[in-house]
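Good morning, and thank you for coming.

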Amino acid sequence: MSNDTSTTPDDSKALDGPLPEERPEPQGKRNAQGIRIDPEAEAELDPERVTLSALVLHEPGVLAQVSSLFSRRQFNIESLTVGLTENPDRARITLVIEETRPGVEQAKKQLAKLVPVAAVRELERDATLRELALIKVSSEHPDKVQALAEMYGGQAVDAGAETITVEITGQRPQIENAVEAFERFGVREITRTGTAALARGATETAESGHPPNAPMNDD
Amino acid sequence: MSDHERDEADATNGEPVPDGGETAAGQAGATAPGSAAERGAGDEGSDPGVDEPPTDESDQRAAERPVGTGAQSVVRALENADIEYLFGVQGGAIMPVYDALYDSEQLTHVTMAHEQGASHAADAFGIVSGDPGVCLATSGPGATNLVTGIADADMDSDPMIALTGQVSTEMVGNDAFQETDTTGVTDPITKHNSFATDPDTVGDDVGEALALADSGRPGPTLVDLPKDVTNGETDREPGAPQMPETYTVQKSADRTNVVSAARAIEEADQPAILAGGGIIKGDASQELYEFATEYELPVVTTMPALGAFPEDHELSMSMAGMHGTGFANMAITHTDLLIGIGTRFDDRLTGGIETFAPDAEVVHVDIDPAEISKNIHADYPLIGDAGTVIEQLHDQIDRAPDADEWRDQCVEWKEEYPMDYPVPEDRPLQPEFVVEALDEATGDDAIVTTGVGQHQMWACQYWEFTEPRTWVSSHGLGTMGYGMPAAVGARLAADDDQDVVCFEGDGSFLMTLQELSVAVREELDVTVAVLNNEYVGMVRQWQDAFFEGRHAASEYGWCPEFDKLAEAFGARGWAVDDYDEVADAVEEAVDYDGPSVIDFRIDPQANVYPMVPSGGDNGKFALSEGQL
């Protein structure tokens with residue numbers, strides 16, 4: 001059988017016009033994020049880890065909506081916490097995500113677009129960030145456990161014949177160091193929260209007056 | 001730096017104001033949307049039309065027929081929003097609402113054959129009328145059958161509201177009969193949904209859902225109505241629709257960005273407008289026309305924007321993208337300044353991102369900030385309502401770009417890549433001929449609905465669209481079977497003197513043709529043209545091009561006789577095999593005052609070209625399979 005496609009019934013009714021290879025070609029190129037780039041010097045964008053804070057209506061289903069959004073749009077999420085605020089009608093969701101800069105911006109806009117979301121802010125690097133870990137270890141050396149907990153600014157919150165549970169709060173590296181340090185006592189169980197965060201100083205973490213579905217920058 | 005100075009700086013150094021997609025957090029200096037400057041620019045706050053006090057009419061309704069139950073409050077909320085038609089199917093958990101509808105003179109309910117048909121009919125009603133279409137269904141299967149139509153409306157940003165029955169609140173979560181987590185299922189495919197909890201406020205929930213559906217970027221909303229809430233007693237009339245306090249819409253764009261975009265347009269050598277569906281949703285066709293014609297800017301459209309700009313105008317470059325015209329794809333590939341308005345740069349339009357308009361700076365106008373720089377980076381982001389922002393640009397531009405050469409080039413491309421299709425004598429009826437025959441036999445304002453597949457693409461390519469809200473199709477979701485139920489909704493939204501033509505394929509029509517029974521029962525004047533090739537034709541075309549002609553599950557080899565099927569439904573039917581039968585059948589079907597079906601037995605091997613393969617380069621569109 002011939003490979004000559006001009007004899008197929010399809011090509012007997014081809015539309016007129018210059019062939020693809022005969023047409024003029026544009027010079028430029030875009031990257032996968034749709035940004036025009038120098039075709040000779042294509043650079044991959046590095047992901048960054050950022051903390052987003054969203055003030056949301058305190059009503060059922062909002063957390064599910066937010067987590068479903070991040071899942072279906074394939075945003076890389078590291079942690080998500082939700083809790084009450086000073087306003088009984090508002091809850092605050094804190095998310096840590098790892099995305100390229102266009103990905104971060106898209107995540108913020110998509111989050112802000114959800115109707116029950118009142119405000120979204122990307123927190124500055126100097127924001128106050130805290131995680132909590134409960135670490136349950138064997139109680140063979142209660143004094144050493146207590147001393148180590150104090151070194152990490154924590155305390156024992158439960159002690160029994162077999163186990164001691166200590167509470168550590170701090171930024172992620174501090175928690176991770178503490179978890180590693182306690183391993184020598186024989187860790188039974190660990191539970192950790194995600195990150196809770198507030199903007200530093202008088203800056204509002206998520207201003208309620210901020211138009212929620214306008215794009216945001218922390219400038 | 002004052003705003004004025006910033007304008008000057010932008011104008012001189014050509015540095016556009018970055019949008020949110022570019023500026024790092026905490027970076028100072030640049031003015032980005034979302035900064036104080038941008039926030040100050042827009043008209044924020046709830047949609048002004050929404051918080052109006054109750055009208056005299058609503059007071060009158062309340063006086064004549066006071067609300068007594070949650071269901072009656074739902075009906076009152078629909079009446080107060082001037083709803084005329086509802087599309088739905090009865091069932092257990094929604095029965096209280098139907099019982100309340102029984103008393104309403106204003107609301108006409110159209111019983112559809114299947115809930116999917118109800119959601120498509122409501123969607124089409126919304127597209128043609130510009131007001132939210134309403135569909136309703138019972139809990140469980142009723143609600144899940146709506147899902148395809150809700151997802152369709154969501155992808156195409158169509159204003160629609162779905163009201164679903166639900167089992168009684170105390171049964172929820174117990175896997176009761178016909179219980180489905182409807183708000184859970186529909187969360188990713190609605191603009192917003194809610195679960196009614198109180199007979200006193202259920203009318204307000206419906207009012208809010210209606211208001212949200214067509215404000216800002218439109219979309220489908222849903223209210224889930226547990227039976228105890230609709231049956232529950234209340235004497236509270238629903239208030240005026242309130243937008244949620246957390247929802248705001250920015251209508252006009254930041255002036256700084258408008259100024260830089262205007263300078264860029266003035267300086268462009270090869271400017272092109274890419275008109276999207278947002279032009280039609282924002283009723284901005286007139287503003288677009290004035291803008292494009294004053295500055296002589298060639299206009300390419302997306303598929304949802306067919307009709308946004310008259311295709312018989314010399315500046316019209318028709319539709320771009322996968323099956324767009326050759327000249328549209330040449331223009332969009334070679335433009336140096338693309339003004340995208342109300343478009344989300346869908347992959348069927350862009351082809352591969354890397355090769356999309358690669359030499360163009362992009363001005364992107366959209367009411368949804370999340371569309372800015374989502375797929376294609378916007379050099380000039382303009383957030384706002386299409387008509388408002390076009391006028392802002394119009395006011396700001398001092399001179400037309402110097403683009404005579406470019407326009408000549410566009411004309412040349414039209415001549416080089418004509419859409420004239422060959423009519424080989426040795427082959428059966430060509431589908432393009434059928435589309436043109438129906439276009440000719442109907443008025444300029446005729447409405448076209450379609451299913452999804454080859455027939456839909458031929459309708460895009462060979463129907464000449466000149467008016468907005470005359471093209472009703474499933475774009476983003478690509479729902480086969482959309483055309484017939486959409487024709488029902490479109491017919492009821494259209495003016496009496498507008499023709500309604502539905503193009504369907506044999507495969508697509510078979511998915512929802514039971515809705516023909518509704519068209520017969522409701523005496524709807526619609527003409528259905530089945531482009532019948534006894535294949536799932538688009539799949540067959542792809543199998544020939546990309547799967548070595550292995551026709552897995554695409555060959556029917558047998559189809560029902562659609563003309564006889566139509567007669568069995570009580571509609572009129574014709575079967576057409578040859579060119580010389582086309583004109584008569586079309587004339588009789590269009591003249592017939594009721595539903596008619598013409599079964600056009602077209603060339604089974606006919607393909608849709610031009611074609612840009614998925615992820616391909618728009619500029620390398622194939623004019624035949626051999627060029628793929």
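The domain assignment of chain B gives three entries: domain 1 covers 49-231, domain 2 covers 253-416, and domain 3 covers 431-609. Please bear in mind throughout that this is a predicted model.

Let us take domain 1 and domain 2 of chain B. Their C-alpha centres are 36 Å apart. To the contact between these two, domain 1 of chain B gives six residues, and domain 2 of chain B likewise gives six residues.

I turn now to chain A. Here the assignment lists domain 1 (48-122) and domain 2 (128-197). A distance of 28 Å separates the C-alpha centres of domain 1 and domain 2 of chain A. Seven residues from domain 1 of chain A and six residues from domain 2 of chain A make up the contact.

Which elements give two or more residues to the side of domain 1 of chain A that touches domain 2 of chain A? They are the strands β3 (48-57), β4 (77-84) and β5 (90-99) of chain A. The largest share of that side, three residues, belongs to β4(A). By type, this side of domain 1 of chain A has two nonpolar residues, five polar residues and no charged ones.

Some totals for chain A follow. Its secondary structure consists of four helices and eleven strands. Of its 219 residues, 34% count as buried. Among the contacts in chain A with a separation of 6 or more, 70% are between residues 24 or more positions apart.

Finally, I return to chain B for some details of the backbone. B:Tyr609 and B:Pro610 are joined by a cis peptide bond, with omega at about 5°. B:Pro610 is found in the segment after β18 (596-601) of chain B.

B:Asp82 is not a glycine, yet it has a positive phi of about 60°. This residue sits in the loop between α4 (70-80) and β1 (85-88) of chain B. Is B:Asp82 buried or exposed? B:Asp82 counts as exposed, because it has 12 C-beta neighbours inside 10 Å.

B:Glu534, also a residue other than glycine, has a positive phi near 55°. Its place is the loop between β16 (527-532) and α23 (537-546) of chain B. With 16 other C-beta atoms within 10 Å, B:Glu534 is partly exposed.

Thank you for your attention.

How values were computed: Residues are numbered from 1 along each chain as its sequence is written. Chains are lettered from A and ligands numbered from 1 in the order in which they are written. This is a predicted model: local features need pLDDT of at least 70, side-chain atom pairs count only at pLDDT 80 or more; totals for chains, interfaces and linings use all residues. Domain bounds come from an automatic or database domain assignment. Ala, Val, Leu, Ile, Met, Phe, Trp, Tyr, Cys and Pro count as nonpolar, Asp, Glu, Lys and Arg as charged, and the others, Gly among them, as polar. A residue is buried if 20 or more other C-beta atoms lie within 10 Å of its own, exposed if 12 or fewer, and partly exposed in between; C-beta atoms are placed from the backbone.
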